[in-house]
Number of protein chains: 2
Amino acid sequence: MQIAIVLFPHFTALDAVGPYETLGRLPGADLVFVAEQKGPVRADTDTLALVADKTLDEVPNPDIVIVPGGPGQTPQMKNEVLLGWLRTADATSTWTTSVCTGSLLLAAAGLLKGRRATSHWLALDVLEEFGAQSTGERVVFDGKYVTAAGVSSGIDMGLTLLGRIAGDETAQTVQLLTEYDPQPPYDAGSPEKAPAHLVEKFREQSRFGEDEGQE
Amino acid sequence: MQIAIVLFPHFTALDAVGPYETLGRLPGADLVFVAEQKGPVRADTDTLALVADKTLDEVPNPDIVIVPGGPGQTPQMKNEVLLGWLRTADATSTWTTSVCTGSLLLAAAGLLKGRRATSHWLALDVLEEFGAQSTGERVVFDGKYVTAAGVSSGIDMGLTLLGRIAGDETAQTVQLLTEYDPQPPYDAGSPEKAPAHLVEKFREQSRFGEDEGQE
């Protein structure tokens with residue numbers, strides 16, 4: 001089963017590495033990082049670069065598509081090369097998935113119209129503008145479309161989808177070997193749980209919905 | 001504050017990216033991936049490569065050292081170039097940290113003798129053989145030494161240390177923006193919680209303690 005994880009400049013690294021480290025452990029998986037050009041692709045911090053081993057053109061029909069998000073997603077929403085590849089890949093994919101604002105790229109490609117989906121909590125409004133039904137859930141399945149909330153949720157998405165494809169025991173094995181028994185030192189991981197003034201601050205600062213220029 | 005994340009062939013990607021995405025968001029941090037040679041370093045799957053932007057020699061005195069683990073840690077336990085760098089960096093570091101079997105590299109460098117520390121659950125015995133007091137805890141502080149359990153625990157370590165250095169609100173902000181509100185689909189993330197037959201299977205298969213040739 002071929003799994004393609006899409007990279008673009010200023011993606012968020014954990015968005016990509018969460019599903020890689022979980023779903024990527026699917027027995028027999030042929031996982032590949034893809035981008036418009038081969039070679040290192042810098043993440044949003046500029047201090048991390050992941051290597052794309054193949055171009056989009058070289059991987060036209062993956063079984064599973066994984067699209068991370070990150071601030072770099074905004075200009076990609078007008079990149080017809082990437083959007084066209086997403087539409088083509090989706091036409092034959094078994095699963096089309098995203099983490100964080102990666103769902104806005106699926107939405108911009110027209111793939112989430114009328115579908116239930118999620119995204120980073122600061123981007124849910126934009127998802128709605130593209131005709132998706134946004135939910136505040138962490139992992140959302142709608143047919144073959146699987147979207148996850150912000151950044152770290154890709155780990156939960158990856159394990160959940162791994163269980164669907166390969167069975168509970170395979171997913172439990174990966175959870176055990178990655179020792180995924182989370183013990184966050186704070187309980188501030190969602191807008192409902194974080195201190196209200198932090199949530200407000202980022203809602204005000206949020207660039208989501210301003211830069212996209214949709215309509 | 002300079003943060004150096006050490007890469008070596010066949011490291012586990014999430015071990016490195018968990019602290020990168022959390023502790024790396026420390027305001028004013030100068031984070032750099034380092035390795036013996038610059039350039040792409042392949043992870044344990046061979047399908048992911050992270051770029052080392054500087055050599056070990058170029059970053060002799062980071063304020064924070066982060067050592068990931070992964071199956072590739074085993075040969076590194078005899079790599080005097082890396083072990084020597086760890087000793088030198090540790091001599092002036094503010095924090096010396098590890099994720100997963102990265103703690104075995106700190107131990108092999110002689111840095112954990114008599115200290116409380118943790119590692120991947122399959123590697124705790126080896127830690128003891130190097131004179132550390134292994135604990136089953138997820139994140140262990142002993143002075144400036146901070147060790148984390150397997151793979152995903154680096155996220156909890158990164159957030160915890162971020163809070164110690166920059167205050168609770170900074171760490172909560174990173175937790176909120178990475179939407180770290182974990183909802184694993186299974187409860188199998190530790191040897192105490194996972195199905196017993198899976199735990200047994202991996203204890204039997206475990207290569208930790210066989211290949212290292214300590215003593």
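Visitor: How many of the 10 residues of helix 7 of chain B are buried?
Guide: This is a predicted model, and the reply rests on its coordinates. A residue is called buried here if 20 or more other C-beta atoms lie within 10 Å of its own. Among the buried residues of helix 7 of chain B are B:A171, B:Q172 and B:T173, and the list also includes B:V174, B:Q175, B:L176 and B:L177. The helix is largely enclosed by the rest of the structure, because its count of buried residues is 7 of the 10.

Visitor: Which helix of chain A is included in what covers the buried residues of helix 7 of chain B?
Guide: The cover includes elements of chain B, namely helix 1 and helix 6. Together with these, the cover includes an element of chain A, which is helix 8 (196-205).

Visitor: Which element gives the most to the side of chain B that touches chain A?
Guide: The contact takes 53 residues from chain B and 54 residues from chain A. On the side of chain B, the elements that give two or more residues include helix 1 (13-22), strand 2 (30-35), strand 4 (49-52) and helix 8 (196-205), as well as helix 6 (153-166) and helix 7 (168-177). With 7 residues, the element that gives the most is helix 7 of chain B.

Visitor: How many nonpolar residues has the side of chain B that touches chain A?
Guide: Sorted by class, the side of chain B that touches chain A has 7 charged residues and 16 polar ones. The number of nonpolar residues on that side is 30.

Visitor: What relation holds between chain A and chain B?
Guide: Chain B can be laid on chain A by a turn of 180° and a shift of 0.0 Å along the axis, with an RMSD of 0.0 Å. Of the interface residues of chain B, 100% are also interface residues in chain A, so the copies meet through the same surface.

Visitor: What is the radius of gyration of chain A?
Guide: Chain A has 8 helices and 11 strands. For its 215 residues the globule rule gives 17 Å, and the value for chain A is close to that, so the chain is as compact as a globular protein of that length. The radius of gyration of chain A is 16 Å.

Visitor: Which strands are the edge strands of the open sheet in chain A?
Guide: In chain A, 7 strands form an open sheet with mixed pairing, in the order 5-2-1-6-7-11-10. Within chain A, strand 1 (residues 2-6) runs parallel to strand 6 (residues 64-67), with 3 bridges joining them, and A:I5 stands opposite A:I66 in strand 6. An edge strand pairs on one side only, and the edge strands of this sheet are strand 5 (54-55) and strand 10 (139-142) of chain A.

Visitor: In which sense, parallel or antiparallel, do strand 10 and strand 11 of chain B pair?
Guide: Strand 11 (residues 145-148) of chain B is covered on both faces, with B:Y145 and B:T147 buried on one side and B:V146 and B:A148 buried on the other. Strand 7 (residues 95-99) of chain B pairs with strand 11 in the parallel sense over 4 bridges, and B:T97 stands opposite B:V146. In the hairpin of strand 10 and strand 11 of chain B, B:G143 takes a positive phi near 60°. B:D142 of chain B stands opposite B:Y145, and the sense in which strand 10 and strand 11 pair, over 4 bridges, is antiparallel.

Visitor: Is A:V151 buried or exposed?
Guide: A:V151 lies in the loop between strand 11 (145-148) and helix 6 (153-166) of chain A, and has a positive phi of about 30° although it is not a glycine. With 28 other C-beta atoms within 10 Å, A:V151 is buried.

Notes. Residues numbered from 1 in each chain as written. Chains lettered and ligands numbered in written order. Predicted model: local features only at pLDDT ≥ 70, side-chain atom pairs only at ≥ 80, totals over all residues. Buried ≥ 20, exposed ≤ 12 C-beta atoms within 10 Å, placed from the backbone. Pairing = 2+ DSSP bridges. Contact = placed C-beta atoms within 7 Å. Nonpolar A, V, L, I, M, F, W, Y, C, P; charged D, E, K, R; others polar. Rg over C-alpha atoms; globule rule 2.2 N^0.38 Å. Least-squares fit on C-alpha atoms with pLDDT ≥ 70 in both.
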